[in-house]
Amino acid sequence: MLPNFGSDPDAFGRFAERFARYMGTANFLFYMTIFVVVWIIFNVVGLFGFQWDPYPFILLNLFFSTQASYAAPLILLAQNRQDDRDRVTIEQDRARDERNLADTEYLTREVAALRIALREVATRDYMRAELRSLLTDLLEAQEELRTDESTGPERREKVKDKIKDKRDKQRNPRTQQIPKVQAPQPKNEEPDSGLSPVGTSPERQSGPSSDPES
């Protein structure tokens, strides 16, 4: 005949929470006040001959004592369940904060690694400076080849080896330096009469008949 709370341990806890929640509402206070007023009026005036608890209302005091003796444990049980839920929520929040902290530290390390890697990436100005340097070397080599054509093939080979050594030295990371970016020349300035704007000799542009080898 007694209720079995073993199959559902939280059933009584849910009942305690509902009872404690209802006792903390305005409806409970309103209905309790009406009950007390009606009780006192019936027992003082004796309406319809009903006067079962005369002054000093011992039965009403016993009823309030019994209600308080049961309400206090139910409220404590509801508070304990709420504390358990709060504890679980705090543990979950702590675990979430730890994961967020780990993710933030990982992202910080990744950003630092990207910054270090970006320092070694060639920029647009650096590439332009490198191209200008290569163009200057090509023009110098062409000029040297033009001036040394009369000396024979041996002199040409020496000039080519010299240019190759210079290019290898520039490509060596130990001796490589970022060249200084030169200011571009104005467009209205006429190019050198000996060289074309692209760095080729006018004799070779004039036609195949002007080539000494042809």
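Guide: The mean pLDDT (the predictor's confidence in each residue, from 0 to 100) of the protein is 75, and 64% of the residues reach 70 or more. This is a predicted model, in which local features need pLDDT of at least 70 and side-chain atom pairs count only at pLDDT 80 or more, while totals for chains, interfaces and linings use all residues. Residues are numbered from 1 along each chain as its sequence is written, and side-chain values use heavy atoms, with hydrogens and water left out.

Confidence is highest in helix 3, at a mean of 91, and lowest in helix 6 (residues 202-206), at 44. The pLDDT is below 50 over residues 173-181, a stretch that has 13 contacts in the model beyond near neighbours in sequence. It is also below 50 over residues 189-214, where the corresponding number of contacts is 25. Contact here means heavy atoms within 4.5 Å.

The secondary structure comes to six helices and zero strands; helices (H or I, at least four residues) and strands (E, at least two) are DSSP runs, numbered from the N terminus. Of the 214 residues, 14% are buried, where buried means under 20% relative accessible area, exposed over 50%, and partly exposed in between (1.4 Å probe, protein chains only). The protein exposes about 18,100 Å², and carbon and sulfur atoms supply 59% of that area; accessible areas come from the Shrake-Rupley method with a 1.4 Å probe, and for residues only the protein chains shown count as cover. Among contacts between residues at least 6 apart in sequence, 53% join residues at least 24 apart.

The part for the close look is helix 3 (residues 58-119). Helix 2 (residues 26-45) packs against helix 3 at an angle of about 160°, with the axes 11 Å apart. Axes are lines fitted to C-alpha atoms, for helices over the stretch in contact, and angles run from 0 to 180 degrees between N-to-C directions. The angle makes helix 2 roughly antiparallel to helix 3; angles under 35 degrees count as roughly parallel, over 145 as roughly antiparallel, 65 to 115 as roughly perpendicular and the rest as oblique. Helix 2 contributes F28, M32, F35, V36, W39 and I40 to the contact, and helix 3 contributes L59, L60, F63, F64 and Q67. By class, these are ten nonpolar residues, one polar and no charged. Ala, Val, Leu, Ile, Met, Phe, Trp, Tyr, Cys and Pro count as nonpolar, Asp, Glu, Lys and Arg as charged, and the others, Gly among them, as polar.

The loop between helix 2 and helix 3 holds P56 and F57. Y55 and P56 are joined by a cis peptide bond, with omega about 20°. F57 has a phi near 55°, a positive value in a residue other than glycine, and F57 is buried, with a relative accessible area of 11%.

Helix 1 (residues 10-23) packs on helix 3 at an angle of about 110°, with the axes 8 Å apart. The two helices are therefore roughly perpendicular to each other. D10, F12, G13, R14, F15, A16, E17, F19, A20 and M23 of helix 1 meet A71, L74, I75, L77, A78, R81 and R85 of helix 3. This contact divides into eleven nonpolar, one polar and five charged residues.

R81 in helix 3 counts as buried at 18% relative accessibility. Leaving aside neighbours within four places in sequence, R81 is in contact with D10, G13, R14 and E17.
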